[in-house]
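Please keep the model in view while reading.

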Amino acid sequence: MIPSIMHQFLHDALPESVWKNRLIKDGPLRFLEFGPLDVDRLQRLGIKVDRLGPRLVSCMWNEDSPVEIGGFLVVDNLAMGQPSMGGTRMLPDITPDIIHNLARGMTLKNAAADLPFGGGKSGIVRPENLCEEDRYEVIKGFGQLLKRYKQIYIPGPDVGTNDADMKTFAIENGLNNVVSKPADMGGNRIDELGGAANGVVVATKALLEHLPRLKQLPQFKNMIIPKPSKMEVLIQGFGAVGAHVARIFHDYDPENSPIIKGISDVDGYLLNSDGLPWKELFDMWKEFGAVTQKYFHDQIMHKDLPELKHMVFSNSSNNLLTESAFCLVPASPVSNYLDVNALTNPSMTTDRMGTWRIIVEGANTYSPNPAKKAERRRMERHVYRDKGVLIATDYLVNSGGVIYAAHERIVPTPGHLLIPKDILGNPNAIEGWLEKNRDDFANLAEIRRKAAVEKLETVIRRNMEELIDGLCKDADSLPCEIAERISVQRIASKEKSRTARDIMEEAPTIGVDKSVTDAAQLIVDAHVPIVNVVSEKGKLIGIVTSWDITKAMASKLPMDSPLTKIMTADVITSSPDATIIDCIRKLENHEISAMPIVDQDKVVGIISGDILARRTLFRLLQTMT
């Protein structure tokens, strides 16, 4: 059944006419789909269409399931490549606008990571009091809903889901339609390896190398840059990202590892000016989850050890952000960790924040919402310009997870390791098949891990260099503006290289011996603005548009007249290898709405203004031509 919260939200947001005209039924599965031309309907769902997307928003649920199974999918755009890639979040308060914010973050993150995938995200509306048995059914059922979109979206884990859930998705939809699978499926297991945290560590190391260049800016001229081994770090959110940040800092370069001065979690924060016992805390986190309060009770309250004399514990998690250190790593799933005033309910206000020099964002903080972007700029004007704190924007630094995940597609699964179609959806049969191929999958997982690490090092270091370059060259810009410029330029560059072949749709053809009535019927049946008139050998000799037929009717031309009476013989065409920009220019210069794509005199597809709106970022391209 549809989750009750989701049902109420959709019925409040959408009029009955939308339910009647747009509801798609596939057995027990239900879908409401909206595209970039559904501006009003998307606005009702809290989503504002802009030059980047979204490409698709789907509200989906299982009508007949005994437990509540439903949620949302947003494919923001496919400019960097198809399919899109992004995690599946599972929380009770999931709404389309939340998923859209996350999907846009994935668009920018995949672009910043220079990955050949678009940006997408999905969200499961978690039922109340969900037991473990029902949870499995919810994950399995949502995987069945996602099967409809496997050509344009690949899920991975996110808040509320894990690598084991991705295995459930893979059992339903196949190995190539899920990322961050366990090692026994050849996966790069983001949670286990700490992919996002690895990106944060690489970014921090790279920033230390490039920070001296920032001294040309007045707010950084007196900045003292510590040696890596003397750098103090605060980690807000000692969880899936934050805990691995502490571990990888020390695994990465033990002799130059920083001082983990403070950490926080849901129970409070720990602080020690001499450095926290990160290894002990990491092991506790793996076993118990939250660690700050437990460590305080087990190690501090009942022991009088010299090494604990500088240890501080507070049950107010957010107050960690009043403490000072060279580097702050926000890794808690809270986008609004800092703001100028308390009206937006941030973790901390800037008047109470500690003294830092760099913020490396491990948590996802980006939002395309205009009000949220304005809040972000306001915060950065105060923190970056007035206080001299460099902020490394989330999608430039925490893309390690998606880089790890992407290499499950970039390094393809060999044919003999693809799950046989006849056992898809059968967990017992698949487990037996996986066991037979265990060694091959283990080797594949290691190949993918090594490739991901090499890519991560290269691209995140480049991001930090470009961020510093941008800030030095444009002293008036904020870090968030430079970061978005980096990603958007990569998206635009990728989009400019796409061709008509990448986006064209099938083009109906009609024989030259047919009548006006035949052409009119084909236009109606195929839902296209033009039909292509071809010779007996299939050569294009003209086109007939809906406007041609309207003119014929107005002039009272008999509808059984031959097509040669109304067709345009001087046809504007383009080739499959023409760039999208060339196609846009032809349509605009000749003031036409559509044109055939022709290869060696044969019609192979069609391009139209509607196709450009749905399948490209033509509005972005127009600003760059």
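In this predicted model, Asn101, Leu102, Gly105, Met106, Lys109, Lys121, Asn364, Tyr366, Asp394 and Tyr395 line the second largest cavity. Two elements each give two or more residues to that lining, namely helix 4 (96–112) and helix 13 (394–397). Helix 4 supplies the largest share of the lining, with 5 residues. Sorted by class, the residues around the second largest cavity comprise 4 nonpolar, 3 polar and 3 charged.

The space held within the second largest cavity amounts to about 80 Å³. In total, the structure contains 3 cavities of 30 Å³ or more.

Attention may now turn to a pair of packed helices. Helix 8 (residues 195–210) packs against helix 14 (residues 400–410), their axes lying 5 Å apart and forming an angle of about 125°. Because of this angle, helix 8 is oblique to helix 14. The handedness of the crossing between helix 8 and helix 14 is right-handed.

Which residues bring the two helices into contact? From helix 8, Gly195, Ala196, Asn198 and Gly199 take part, and they meet Gly400, Gly401 and Tyr404 of helix 14. The contact of helix 8 with helix 14 is made up of 2 nonpolar and 5 polar residues, with no charged residue.

Conventions:
Residues numbered from 1 in each chain as written. Predicted model: local features only at pLDDT ≥ 70, side-chain atom pairs only at ≥ 80, totals over all residues. Heavy atoms only, no water. Axes fitted to C-alpha atoms, helices over the stretch in contact; angles between N-to-C directions. Helix = DSSP H or I, 4+ residues; strand = E, 2+ residues; numbered from the N terminus. Parallel < 35°, antiparallel > 145°, perpendicular 65-115°, else oblique. Left-handed = near helix turned anticlockwise from the far one by under 90°. Contact = heavy atoms within 4.5 Å. Nonpolar A, V, L, I, M, F, W, Y, C, P; charged D, E, K, R; others polar. 1 Å grid on protein atoms, 1.4 Å probe; cavity = no way out; pocket = protein on both sides within 12 Å on 5 of 7 lines; lining within 4 Å. Points joined across faces, edges and corners; volume = space filled by probe spheres on them.
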